[in-house]
Amino acid sequence: MPKTIIKIATWRCPDCDYSQDFDPLNRDLMNIHHGFPENFCPACYTGKNTTKKVGHVEMIKETNPDKKTTITIMGEDELETHEIEDGKGGKRTLTTQEKEEYTKKIRSDIEKFKALED
């Protein structure tokens, strides 16, 4: 299986171009990530944008596929040549067991991110 490329739902600030991959109307997620009211651009709300200007700019859902967040997941066929650190300053290929574990992780990641696909 070749690598998987998934475009996920993305919200963007129309003023400073800040983007995030979760709905800014989700109060719980906004609180966890930013600690302030939902739907406002975190960069503009705190003045941590390029202009350093504080404002209450609402995020909008990105519709341009080229500007959506892109997730690229390694393909299972890449596991044959994938190298990891060997702990001695060098690299080595994966063992059969490691390949099986990576395969499970790849399949799990594809499912997880497909659920966020937009």
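A word on ground rules before we start. Residues are numbered from 1 along each chain as its sequence is written, and side-chain values use heavy atoms, with hydrogens and water left out. Since this is a predicted model, local features need pLDDT of at least 70 and side-chain atom pairs count only at pLDDT 80 or more, while totals for chains, interfaces and linings use all residues.

**Strands**

Helices (H or I, at least four residues) and strands (E, at least two) are DSSP runs, numbered from the N terminus. Two strands pair if DSSP finds at least two bridges between them.

Let's begin with strand 1, residues 4-8, where the side chains alternate. Buried here means under 20% relative accessible area, exposed means over 50%, and partly exposed is in between (1.4 Å probe, protein chains only).

Strand 1 runs antiparallel to strand 5, and five bridges join the two. One of the details: K7 has T70 as its bridge partner in strand 5.

There is also an open sheet of three strands, in the order 3-2-4, with antiparallel pairing. Strand 3 (19-20) and strand 4 are its edge strands, each pairing on one side only. Strand 2 meets strand 4 over two bridges, again in the antiparallel sense, and R12 has I60 as its bridge partner in strand 4.

T10 sits in the loop between strand 1 and strand 2 (11-12). How buried is T10, in relative accessible area? The value is 0%, so T10 counts as buried. A polar atom of its side chain lies 2.9 Å from the backbone oxygen of I8; a polar contact is a pair of N or O atoms within 3.5 Å, where within protein one must be able to donate a hydrogen and the other to accept it, and residues adjacent in sequence count only if both atoms are side-chain atoms.

Contact means heavy atoms within 4.5 Å. Leaving aside neighbours within four places in sequence, T10 is in contact with S19, Q20, I60, K61, E62, K67, K68 and T69.

T69 belongs to strand 5 and is partly exposed at 24% relative accessibility. With neighbours within four places in sequence left aside, its contacts are I6, K7, I8, T10 and D21. The C-alpha atoms of T69 and K114 are separated by 13 Å, with the two residues 45 apart along the chain.

**Nonpolar cores**

A nonpolar core is a set of buried Ala, Val, Leu, Ile, Met, Phe, Trp, Tyr and Cys residues joined through side-chain atoms within 4.5 Å. The largest one has ten residues: I6, I8, I71, I73, L79, I84, L94, I106, I110 and F113. Strand 1, strand 5 and helix 3 are the elements that give two or more residues to this core, and helix 3 gives the most, with three. Apart from this core lies another, of eight residues, among them W11, C13, A43 and C44.

From the ten-residue core, I106 is in contact with I73, M74, G75, E76 and L79, leaving aside neighbours within four places in sequence.

**Salt bridges**

How many salt bridges does a search of the whole structure find? It finds twelve, a salt bridge being a side-chain nitrogen of Lys or Arg within 4 Å of a carboxyl oxygen of Asp or Glu. The table gives some of them.

| Salt bridge | N to O distance |
|---|---|
| K68 and D118 | 2.9 Å |
| R92 and E98 | 2.6 Å |
| E117 and K114 | 3.9 Å |

K68 lies in the loop between strand 4 (60-61) and strand 5 (69-73), and D118 in the segment after helix 3 (96-114), so their bridge ties together parts that are 50 residues apart in sequence. K68 is buried at 12%, while D118 is partly exposed at 40%.

As for the second pair, R92 is partly exposed at 31% and E98 is buried at 17%. In the third, E117 is partly exposed at 39%, and K114 is partly exposed at 42%. R12, D17 and E62 are linked in a network of salt bridges.

**The aromatic pair**

The structure holds one aromatic pair. F40 and Y45 are stacked, at 5.7 Å centre to centre and 25° between the planes. Rings of Phe, Tyr and Trp (its six-membered ring) pair if their centres lie within 6.5 Å; planes under 30 degrees apart count as stacked, over 60 as edge-to-face and the rest as tilted. Y45 is partly exposed, with 24% relative accessibility.
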